Amino acid sequence: MKIVLDTNVIISAILSNGPPSIVTDMIGNGRLTPFINDLIIKEYLDVINRPKFNFSNKQIYSLLNSITKFGVSVESNISSIVKLPHEDDRKFYDLAKTTNAYLITGNLKHYPNESFIISPADFLKIIN
């Protein structure tokens, strides 16, 4: 199953053992294929390395290695015109549209109400 992970899911996966962590664990066992690109990886790294999180290198690179190892790098060929509250979120939206993937986010209010945009908990309900 194809997915695009919003950065907040990555952060939440490191912070807790809830649905975001379960979703990211499924990447390593081959159940999910994350779609990524350079802009998304750059944002993951920028946010995850913020001093306020104080994550260890092991926490950071264990997760990011899994995403990059099992992920498929795709440049988005869609440049949407949909209004988003945060323009920085467009890269996730456009990549999910390009790849026909689920966009998994903990910030549903940052995106339009579309069936492919889903919370980690609701995504787990669909695949289980």
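This is a predicted model: local features need pLDDT of at least 70, side-chain atom pairs count only at pLDDT 80 or more; totals for chains, interfaces and linings use all residues.
After α2 comes glycine 30, whose phi is positive, near 85 degrees.

## Nonpolar core

The largest nonpolar core contains 40 residues, and those with the most contacts inside it are Val4, Leu5, Tyr44 and Ile67. As a general background, nonpolar side chains in soluble globular proteins tend to be buried together.

Isoleucine 67 can be followed through its individual partners: once its neighbours within four places in sequence are set aside, isoleucine 67 is in contact with Leu5, Ile10, Ile27, Pro34, Ile36 and Tyr44.

## Overall fold and dimensions

The secondary structure of the chain amounts to 6 helices and 5 strands, and reading along the sequence gives the pattern β-α-α-β-α-α-β-α-β-β-α. Of the contacts between residues at least 6 apart in sequence, 63% join residues that are at least 24 apart.

The C-alpha trace spans about 40 × 35 × 25 Å along its principal axes. The radius of gyration of the chain is 14 Å, which agrees with a compact globule, because such a globule with 128 residues would have a value near 14 Å.

## Burial, surface and charge

Of the 128 residues of the chain, 50% count as buried. The chain exposes about 6900 Å², and carbon and sulfur atoms supply 51% of this area.

## Glycine 106 in the β4-β5 loop

Glycine 106 is located in the loop between β4 and β5 (117-118). Its relative accessibility is 52%, and glycine 106 therefore counts as exposed, since the cut-off for that class is over 50%. When residues up to four places away in sequence are not counted, glycine 106 touches Asn8, Val9 and Pro120.

A separate distance relates glycine 106 to glutamate 87: the two residues are 19 residues apart in sequence, and their C-alpha atoms are 16 Å apart in space.

Key: Residues are numbered from 1 along each chain as its sequence is written. Side-chain values use heavy atoms; hydrogens and water are left out. Helices (H or I, at least four residues) and strands (E, at least two) are DSSP runs, numbered from the N terminus. The radius of gyration is taken over C-alpha atoms; the globule rule is 2.2 Å times the number of residues to the power 0.38. Buried means under 20% relative accessible area, exposed over 50%, partly exposed in between (1.4 Å probe, protein chains only). Contact means heavy atoms within 4.5 Å. Accessible areas come from the Shrake-Rupley method with a 1.4 Å probe; for residues, only the protein chains shown count as cover. A nonpolar core is a set of buried Ala, Val, Leu, Ile, Met, Phe, Trp, Tyr and Cys residues joined through side-chain atoms within 4.5 Å.
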